Amino acid sequence: MTKKEHKARTHRVRYLILVLLVILLTCCTFMWKEGRTALSFQETISPTSPLIQAHVYAFRKIEGATNQPNHRERMSIDKWKPYLHEVLNRFPANFSSEFRNPCWYEGTELQCVPYFYQLGSFKCGTTDVWDKLVQHPDVLPVAKEPHWWAWRRFGYMLTPIHEELVRKTRRKTGQGNDHSIQWYLNLFRIQAVEQVKKNPRLVFGDASISNLWGLGIYDWEELFTNETDPPVFLADVIHAIQPKAKIIAILRDPVEKLWTTYMLEQWKKMVSPQTFHAHFKRLTKESLQCESINSPLYCAFMYGTTADISLNNMLYQGVFYLYLQQWVDVFGLENIHVMRLEDWIKDPITELEEAFKYLELDPLPHDVLSSIVNRSTKNVNERAKRKNFTMLASTRRELQDFYRPWNQRLADLLKNQKFTWDY
């Protein structure tokens, strides 16, 4: 190596070291700022702090002001039906008795809608439960999440999943958007209707998690100016056209749900237990700002569940009571099957058996059930597992303080104390 080459190599090494030092300094500065924010929040947030107490006050205000059981007065269908005539008028008064799945003929053309709706939320095990449900020989494995009722019906056009199927449905419908009921019917004509026609025992479902928190009318504030809360929910609409629809919901400890969802969303970023604590701080402040002028019900449906996940306040998505109450109110608790992810993980065979029984499907032999549940677990958050982080104990306590009263209302609604998650 010549002296000139040696000098050039030395300069390159020094430059590389300098770059590495700058990167290291930037990372340390970011972590110090995030840690400082989170640690500062730890000092100010406690079960007796103003932030948590404000939510407790808001909750008690609802309890005391309404002094009502788990049912709220619902708007008469006569008032909102005119705004949904395209959807409601497309369905018959009675479905054909020829099929188990809800179907009807329009001339010679068979139309069908889902036999059951699977509700849930992000990181609640919905994908894995769906994967096992559609292994039953009488359940057709249609695409899991079309998101038509809660999102596409109101203009959502993205294709994060099922892109080719969505585009094929658009071509068949002949429209530039996905909002029409014909789009939804065509979605299943492409996937399932011919099979149902050949075998009337077959059924299919819609497992869009967005159905849990769907609104019945998106622009309700313009149409019903005297209403301060959403007056019509997706539960009302589906019940109006399918009063005998089967409803399955899968829920999870909301504290663990928020943690896992954060780790999934932030996987490209530098995350830590401290940054999650700061994230909780931001969500809490945003929710308090909303609830200073609106009810928790309004905030949960209008700010907790938008199609743009980056804009959601994920804190609300663990307040399952506010969402599931709408379904229980119109369908009745006896007509809804609610599962916990924790029970699904612990004893999937029993949980699957009970789900099949609720859906009135033929029971399967134990060895068949065993082979189904032994399929690989779907949609596991491997990125979060690789991070190998543990939530700060202080964060967990504060989140439990936030969710505890809502979990209790959920448990009372479902008449099952397991849904308090024991905190």
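View 1. The side chain of Gln 326 places a polar atom 2.9 Å from the backbone oxygen of Leu 322. Gln 326 belongs to helix α13 (residues 320-331); helices here are DSSP runs of H or I with at least four residues, numbered from the N terminus. A second polar contact, of 3.2 Å, links the side chains of Gln 326 and Arg 74. A polar contact is a pair of N or O atoms within 3.5 Å; within protein, one must be able to donate a hydrogen and the other to accept it, and residues adjacent in sequence count only if both atoms are side-chain atoms. With a relative accessible area of 1%, Gln 326 is buried (under 20% relative accessible area, 1.4 Å probe, protein chains only).

This is a predicted model, in which local features need pLDDT of at least 70 and side-chain atom pairs count only at pLDDT 80 or more, while totals for chains, interfaces and linings use all residues. Residues are numbered from 1 along each chain as its sequence is written, and side-chain values use heavy atoms, with hydrogens and water left out.

**View 2. Ser 287 in helix α11.** Ser 287 sits in helix α11 and is buried, at 0% relative accessibility. A polar atom of the Ser 287 side chain lies 2.7 Å from the backbone oxygen of Thr 284.

**View 3. Where α11 meets α18.** The axes of α11 (residues 273-291) and α18 (residues 393-414) come within 10 Å and cross at roughly 25°; axes are lines fitted to C-alpha atoms over the stretch in contact, with angles from 0 to 180 degrees between N-to-C directions. The two helices are therefore roughly parallel (angles under 35 degrees).

Key: Parallel < 35°, antiparallel > 145°, perpendicular 65-115°, else oblique. Buried < 20%, exposed > 50% of the residue type's maximum accessible area, 1.4 Å probe, protein only.
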